[in-house]
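Q: Could we go through this model together, with the general idea behind each feature before the particular case?

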Amino acid sequence: MDADVSIPRLLRRRVLWLLVLAAALLWAVNAFVHTPVEVLPQFNYPQISVTAHLPGTTATELEQLVVYPMESQILTLTHLRSVRSVMGNGTVQVDVRFDPTTSAQSDLQAVNGAIDRARAQLPAQAHPLAQIMGNAINEVADYTAQIPPGIAPALVQRAVQADIAPALRAIPGVQFVNVYGAGQEALWIQPDLSAMRRYNVGVEAIEQAVRSQILLAPAGYLTLGHNDVLIEARSLPVHVDQLDALSVATPEGPIPLRALARIQRSAVPTHNAIALDGRPSVALTVIKQPGASTLAVTRSVQATLDQTLSQLPGGVHWVRIYDQGHLVGIVGTDLGRNLLIGAVLAVLLLFWVLGAGRGIVVLALSIPLSLALGIAALHTLGQTLNLMTFGALTVAVGLLADDAIIVLESIYHRWESGDSHWQGIWEGVKSIVIPDITGTLTNIAIYVPLLFVGGLVGLFFIPFSLAMILALLASLLVSLTLIPLGLGFINARPSPGTSSGQRLLHWLQRGNERLFDWVARAPRTSLAITFAVLLISLVGLVLVPINFLPLPNEGALLESFTLPPGASLLDTRAAVQQISERLLRDPAVAHVYARIGSASSTAYTEPAYAGEIQVALKRGVSVNALDAIGQRIQSESRLPGVQLAVDTPTIERVGESLSGLPQPFVIHVFGARVTEMRAIAEQITARLRRIPALADVFNNDGYPVTQLQIEPRAQALAVQALTPAALYAQLAPLLLRPCEVLSCVANAPVLEVAHHTLRVLFQPRHMVVRSFA
């Protein structure tokens, strides 16, 4: 080594730098292995969405029974920005927004605590579910059971809930597993209204008899010798004959239940439906925990379903409708391939222009090392590899070599000027270190403002800017350490480069000099050309279509549908059945999965006249054909009065994550007076319909809703010694099954003491919107 170089001897030890490099590589490899790979960044916006289902409840009842108790507790929380509640169609959705400085996880815990405090005031059937806004993107897998004829869907649903769902919940990274479909199996006690009239007995007597004689409860304990023995009060019939023989109290004495009612197998009443290829089915939805790796979770889910398939009835098998892991693999493969191609092209260009000397090998190694250190830094800051960070690293590949080239050229210049080996390295680094740092910081300064973007936009731009900044800082560090030390340790010397590469550089240099001379001689012309290019760019920006995200080829399309508000579940099922039959005739369609309404165990909020149809495409469909297939599917699905919108499942879930709504684009009007909100909604709808780029503008307030009102007759109640509450106690059990409402109401003897009128009400009476800010 050169004796005249003032580099400390410690810094020139190969073993020391090999250990440092090995430690950096181990850190990078560990980070790469443990960094989750996702489609999009994590949505941790401080807004909590609370959903509760209470089917068969009007908006006024929901407001009194569910919204008021929850809001009274939620409004006591600190750091609140706003609380907005929407209720209607048996569903309540409360959006609670906190200050941006708060933690979404702590906000979720606070809201759950408020719900627990309000639970004593809530109806027993209401089970509020609180989630961080953005959890919809964590729905990573949808499966549907293909059930052969002759097997009851309720039997499959019970097997899934008992055996398969617990195994899926045990998978690391799984947050929720939702199972919904035909409903649980049940025994339906159908009162004989004529027999009830004959024996002068009401429905509440049957209900009381069943509740009092079917029992499973703790009864304390006895001390027998040295042991405390628990006592269990148990009276559980094991056969239908035992239920038939239950004693019901009547004014004429006790009589068996069989004399007043008929018992048959049925399912628990639901106001939603699931179908696969037009047949009733059972759906399975897996939602992962925030921060868990999508690929690892979806692979474990598929493996668990394969292992537990034997626990389902014979002939039943799973159809995978949606797999976000498949999309993650596509994104990772495409961006990873582009990243590799870009890096290889950059290295080949360096070899072509600068030659194949030892120094170029060190320069080529600086690119993957900078990327590895950038990924490791992202992992340390809690970021994932996703569409935004991967895209930023791909864009940064060309910039990563800039710092290393500057240092390499400076060192080569010192060697060509006659400096000795280490002296040239030392002088080359000293002369270029300030410009190198300044140039890198200038590039970084472009992305620093994006770190302070707030709100929902920041969820996307902050990871992108972080990836760019960390990759550029890593390249600066590598250029000032690996390049000079690597050149010194391998005894590199300047390389002349290839003749064609040198000719290209000289030609570009001469062209740049001539261009500079022309600009200096004609400044006005050059300025006019600059403004013309700017104008052309702005025109191109207007003409080029702008989408929130590119349309990925995830092997499925999602079609949202909405019938006129108030449409019955039977009408909706008939429309969906017709749409499914048409879609199955399309050559690109493999399966059609339809979800109507919202099961009470999920965070979905669609009523019984709306839902989603997921269209699983056959293998080999090109991404370039998705637009054409989507247009064809939308055309094949058109029915009178049905609103349709086609997208991909992931983009739809992104929209739900950002707005908490299942529709692609929704405007909610909040205010204190329903009449004013209705007028404003009509004005907004009229203006939106004049925009050519918008289709299917749907005013949810513009449809009349049929509602049955029952008003007790005070004199008749007094004659029968009844109260309004007693009248409701007899009606409620009869109206549990939605499809039998009309027959029960038409024949119930208790309605002799009440008016029953069918009225047409407008939507504001059907839905209430509240807001506190």
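Q: Which residue is the bridge partner of Ala-52 in β3?
A: In general, strands of a sheet pair through backbone hydrogen bonds, and they do so either parallel or antiparallel. In this predicted model, Ala-52 has Val-92 as its bridge partner in β3. That pair belongs to the contact between β1 and strand β3 (residues 91-98), where 7 bridges join two strands that run antiparallel.

Q: In which sense do β1 and strand β4 pair, and over how many bridges?
A: The pairing of β1 with β4 (residues 129-132) is antiparallel and extends over 4 bridges, and within it Thr-51 is found opposite Leu-129.

Q: What is the order of the strands in the open sheet of 4 strands?
A: The order is β6-β15-β5-β16, with antiparallel pairing. The edges are taken by β6 (174-180) and β16 (317-323), each of which has a single partner strand, so one side of each is left without a neighbour in the sheet. On average, and with direction ignored, neighbouring strands of this sheet are turned by 20 degrees against each other. Between β5 (residues 139-146) and β16 there are 6 bridges in the antiparallel sense, and Thr-144 has Val-319 in β16 as its bridge partner.

Q: Which strands does helix α4 touch?
A: Helix α4 (residues 153-169) packs on the sheet and touches β5, β6, β15 (283-288) and β16, while its direction makes about 175 degrees with that of β6. Helix α8 (residues 294-307) also lies across β5, β6, β15 and β16, and runs at about 20 degrees to β5.

Q: How many residues does the largest nonpolar core have?
A: In soluble globular proteins, nonpolar side chains tend to be buried together. Here the largest nonpolar core has 41 residues, and those with the most contacts inside it are Leu-40, Phe-43, Ile-367, Leu-371, Leu-385, Leu-393 and Phe-460. The elements that give two or more residues to this core are α9 (324-354), α10 (358-380), α11 (387-416), α12 (421-447) and α13 (455-489), and α13 supplies the largest share, 9 residues. Another core, of 28 residues, lies apart from this one and includes Leu-557, Val-576, Ala-594 and Val-642.

Key. Residues are numbered from 1 along each chain as its sequence is written. This is a predicted model: local features need pLDDT of at least 70, side-chain atom pairs count only at pLDDT 80 or more; totals for chains, interfaces and linings use all residues. Side-chain values use heavy atoms; hydrogens and water are left out. Two strands pair if DSSP finds at least two bridges between them. A nonpolar core is a set of buried Ala, Val, Leu, Ile, Met, Phe, Trp, Tyr and Cys residues joined through side-chain atoms within 4.5 Å. Buried means under 20% relative accessible area, exposed over 50%, partly exposed in between (1.4 Å probe, protein chains only). Axes are lines fitted to C-alpha atoms, for helices over the stretch in contact, and angles run from 0 to 180 degrees between N-to-C directions. Contact means heavy atoms within 4.5 Å.
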